[in-house]
Each structure stands twice: as C-alpha cells, then as structure tokens.
Amino acid sequence: MLATLYAKALDADAEHPVLGDTYARDLVGRIDYDWGRTGLGARLAAVTMRTAHFDDWAREFLEAHDVATVLHLGCGLDSRAFRLRPGPGVTWYDVDYPDVTALRERFYPPTDNYRLVPASVTDSGWLSTIPADRPTLMIAEGLTMYLARDDGLTLLRRIVEGFPSGELQFDAFNRVGLAAESRNGVVRRSSSALGWAVDGPAEILAAIPGVRLITAMPASHATTFASVPRRYRVASRIVSVIPALKMMAQFHRYAFEKGPEA
Ligand SMILES: C[S@@+](CC[C@H](N)C(=O)[O-])C[C@H]1O[C@@H](n2cnc3c(N)ncnc32)[C@H](O)[C@@H]1O
C-alpha cells in the first residue's frame, strides 16, 4: 500500500506523468515514513499504468451509470474517488483493514457520498451494510493476489448475488506471476503473503454464476501500457511469446445482472 502510494507520488513529479496523482504526492509529504524503504525502482511504471487503466475502466462505468454504488476494495491510500470525482448520484465505499481506514480518515474524511468501511473484504458482515439498490461497481486493484482462492471467489459470489447489476473489475496474477511477485523485493519487504493465482477468465466464469466476461487481458495489452518506458515494453514483447509469461499480470472485467424474479 505504501509502495503503490509512493509510486504514484513519484509519477506525479515526473516530467511526463502517467497518472498525475497530486493527491498521492501530497499524502507522501504528510505521512512521516522513510519512503526509500519501499524499495521501488522499475516497479513504478507497472503501478501507475495499472492504476491509470483501472481509472479508465471505472470512468467508463460511471459515465454509463450516474446513479451507482462503488465498492473500492483494498483501497489502501489510493485517491481514486477524488481523481474520478463521481457525480452526486454515486456513493463510493473505500474498504480496507481498520488500521488502513483509520489512517485514511485523517486525510480523506467521510462525507454522505464518500464512506470508509473498516473490514477485511473476506468477512461477510460489511457487505450487508451497503444498500443494494443500485448498479454496483467493484474495483479491486492489487488485492486478489493477497487473498486465499476460496475467500476471493466467495467475495465475488457475494457481490454478484447481493447487488442487482454491475461490474467486477480487478487485476490478478497467474501462477507464474504469483511466484515471481512473491520473490519481488517490494513485496518481501512489506511482509505480505500472496495466495490466489488466476490462470484466466475461465476460472472466474466457472466459479461465479451470473457473470459475463467483458474482457480479460494481459496487462501489457492495456492502452496505458504504452506509457511505460520503452525497455520494459520491448522486454514484455519478448517474453510474451510464452503464454504463461504473457498472462503473468492480467486485468479482468465482468458484468452481472439479475434476471426478473421467477
Ligand atoms: C498492494 S495494496 C494496493 C492498494 C491500492 N489498491 C493501490 O492500488 O494503491 C493492497 C491493499 O489491499 C489491502 N488488503 C489486503 N487484503 C485485504 C483484506 N482481506 N481485506 C481488506 N483489505 C485488504 C491491503 O491492506 C492494502 O491496502
């Protein structure tokens, strides 16, 4: 969470920012932390292109639904709700562990349309506190890989069953990606444990009744990937000839809609 925030802050100061997240830059200035400890380097571009990509998908949903609920799961210190500025018909819920939401609250106080939910996303209780009367967008960026597979699938199932219609937008690693990420210095320094590898959309479609695939793509196929430095794009093209390497990091997007009651 601190590493992704710092990546966005550094990007905001770059000559040609990918995301231009000035909220992240301000937050890094206000939190007393030795930011060098996050150990970022080449990872910066991977983070900011991913965040810019999920901003684009969320914007598309919000343009089509001016009355909606957004469940932004594993929000960390990300400022998506403020970057996107949804209209008055949207209620936005930022969900993360209580210590994270307590920290968030100091910088982003809740309002009628912006709420903080202190909970593990895998607990069942918090979802029942969210009004289930509107199209609902679930965004989970940088989260699924930290969940156990069964917990992650149960979470997606609960959202699809609990809301009338909406979308699931999330990123995932396949098994190769998960193994590589577990060895990654940034993740190791954060003492995080990785758990759920998604090898492709078939796994989601088989496990979650009622979802329709909109798209699932390797991260390298996202339009925002064009913003990463050329050397990474070239390296990505070379490794992409091996399907398991091409699909190491994936972006998934599904729609769901309840049919009329029988
Ligand atoms: C890699 S960070 C990503 C943060 C943010 N989405 C971003 O892209 O900057 C992962 C976030 O997921 C949160 N997280 C992990 N497991 C969680 C769980 N079971 N319930 C709630 N939040 C969780 C962590 O606390 C952390 O804030």
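Q: Which residues line the largest cavity?
A: The lining is made up of M138, A140, L143, T144, L147, G152, L155, L156 and W196. A cavity is a set of points on a 1 Å grid over the protein atoms alone where a 1.4 Å probe fits but cannot get out, and lining residues have an atom within 4 Å of a point. This is a predicted model: local features need pLDDT of at least 70, side-chain atom pairs count only at pLDDT 80 or more, and totals for chains, interfaces and linings use all residues. Residues are numbered from 1 along each chain as its sequence is written, and side-chain values use heavy atoms, with hydrogens and water left out.

Q: Which elements give two or more residues to that lining?
A: β4 (136-140) and α6 (149-162) do. Helices (H or I, at least four residues) and strands (E, at least two) are DSSP runs, numbered from the N terminus.

Q: Which gives the most?
A: α6, with three residues.

Q: OK, new topic. Which residues of helix α5 are buried?
A: In α5 (residues 98-107), V100, T101, L103, R104 and F107 are buried, meaning under 20% relative accessible area, with exposed over 50% and partly exposed in between (1.4 Å probe, protein chains only).

Q: Why do they line one face?
A: Seen down the axis of α5, the buried residues fall within an arc of 160 degrees, so they line one face of the helix. The arc is that of the directions from the helix axis to the C-beta atoms.

Q: And what's on the face turned away?
A: The exposed residues D99 and R106.

Q: What do the buried ones pack against?
A: α2 (22-30), α4 (80-84), β2 (90-96) and β3 (114-118), where contact means heavy atoms within 4.5 Å.

Methods: On a 1 Å grid over the protein atoms alone, a cavity is a set of points where a 1.4 Å probe fits but cannot get out, and a pocket is an open set with protein on both sides within 12 Å along at least five of seven lines; lining residues have an atom within 4 Å of a point.
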